[in-house]
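Thanks for making time this morning. Could everyone please bring up the chain on their own screen, so that we can go through it together?

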Amino acid sequence: MIKKERALPIRLRQLMALAERIDPRWPDLSKITKDLSNQQAGYHGEQYLDAITSPFLSPHFHTFRDLKLSVFHGTETIQIDQLHLTPHFALIIEAKNITGEIEFEQKFKQMRRMKDDEVQYFTNPTLQVERQKEGLQLLFDGWGITLPIYTQVVFTSSNVYFTVTDEYEEVRDTVCKSDQITSRIRRMLLQNKETVLTKRQLTSLCSKLLSLNVQDEWRSVVSRYGLEEWSIQKGVWCVECKTFSMVRGNRSWACTRCNRWDRHAHQKALDDYFLLMSPSLTNRDARAFLGLDCNRTTHGLLKAMNLKHTGKTYNRVYLSPFHRIGGAGEG
Ligand SMILES: [Zn+2]
């Protein structure tokens with residue numbers, strides 16, 4: 001049973017919006033393009049993991065695809081690619097879309113990758129899942145739940161070769177390629193026959209976890225890539241001719257190049273604003289970004305989007321629907 005479906009990660013959405021809006025004269029386009037393709041590959045890896053683990057879905061197997069939980073008394077957030085809850089155990093799975101020769105070193109728990117004569121160092125994913133387990137364990141302890149928690153790290157590309165020292169059992173037990181994960185889950189099911197949670201307790205646990213799921217914090221793409229103001233193009237995108245050529249006509253947007261009409265074209269532009277510019281927006285910000293003159297038209301468009309906001313009428317500050325924002329807004 002799927003308890004939470006996977007959505008496009010905000011970081012990926014941000015890069016997709018940036019790839020459309022970045023001025024082609026920006027000197028460091030290749031870094032953005034490379035990050036976008038890495039993020040896309042990572043997302044596809046997660047979707048592949050969803051596909052290969054989907055045969056386990058049943059009324060007893062509750063699956064969360066991408067869960068962000070506020071843990072350690074609200075001081076930290078853990079992001080779990082896949083969480084499975086059964087009456088017998090919980091299983092955290094982290095997806096890794098890294099290719100090449102991967103070497104795990106036990107003493108300092110390091111991981112490095114050799115690829116195309118280049119050595120690169122990464123965070124050891126066994127440490128990542130260990131932290132996720134600690135966070136989840138703390139929640140379970142607080143709720144009096146004694147469900148055992150297992151962790152697995154799945155490398156989703158077949159183009160990967162591991163080197164692990166024999167004594168580094170942690171890695172051998174928790175790291176695998178995608179073609180091994182289903183047999184590992186089956187083994188867990190065979191080895192954990194005891195029913196720890198009743199159906200009712202499991203349902204209640206799922207609701208508790210869902211209620212703790214938090215949105216991403218807002219992170220500036222401008223500072224990450226050192227962008228300058230001119231480098232992000234404003235305006236409303238035409239999906240037909242793929243330019244920012246939409247202007248506001250009577251009750252709709254019209255493209256000055258291809259004459260396409262689109263009543264909702266501003267919605268994507270405002271999404272882009274929240275992804276790229278700021279987690280909050282005023283009427284004036286929206287006018288500048290959409291290229292509108294009229295306060296009232298802008299107010300009407302914003303109001304119809306039912307965004308969370310603070311303040312009254314033209315002084316409203318609208319809040320990003322994608323991000324976690326301190327303090328609850330109205331509406
Ligand atoms: Zn057009």
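Predicted model: local features only at pLDDT ≥ 70, side-chain atom pairs only at ≥ 80, totals over all residues.

Residues are numbered from 1 along each chain as its sequence is written.

The mean pLDDT, the predictor's confidence in each residue from 0 to 100, is 94 for the chain, and 98% of its residues reach 70 or more. Over residues 327-331, however, the pLDDT is below 50, and beyond near neighbours in sequence this stretch has 9 contacts in the model, a contact being two residues whose C-beta atoms, placed from the backbone, lie within 7 Å.

The domain assignment, which is automatic or from a database, gives domain 1 as 2-212 and domain 2 as 234-319. Their C-alpha centres lie 36 Å apart, and 6 residues of domain 1 are in contact with 4 residues of domain 2.

Now to the backbone: which residues other than glycine have a positive phi? One is Lys 109, with phi near 50°, placed in the loop between strand E5 (100-105) and strand E6 (110-115), where strands are DSSP runs of at least two residues, numbered from the N terminus. Another is Asp 117, with phi of about 60°, in the loop between E6 and strand E7 (118-122).

Counting other C-beta atoms within 10 Å, with 20 or more meaning buried, 12 or fewer exposed, and partly exposed in between, all placed from the backbone, Lys 109 is partly exposed with 15, whereas Asp 117 is exposed with 5.

Terms used:
Helix = DSSP H or I, 4+ residues; strand = E, 2+ residues; numbered from the N terminus.
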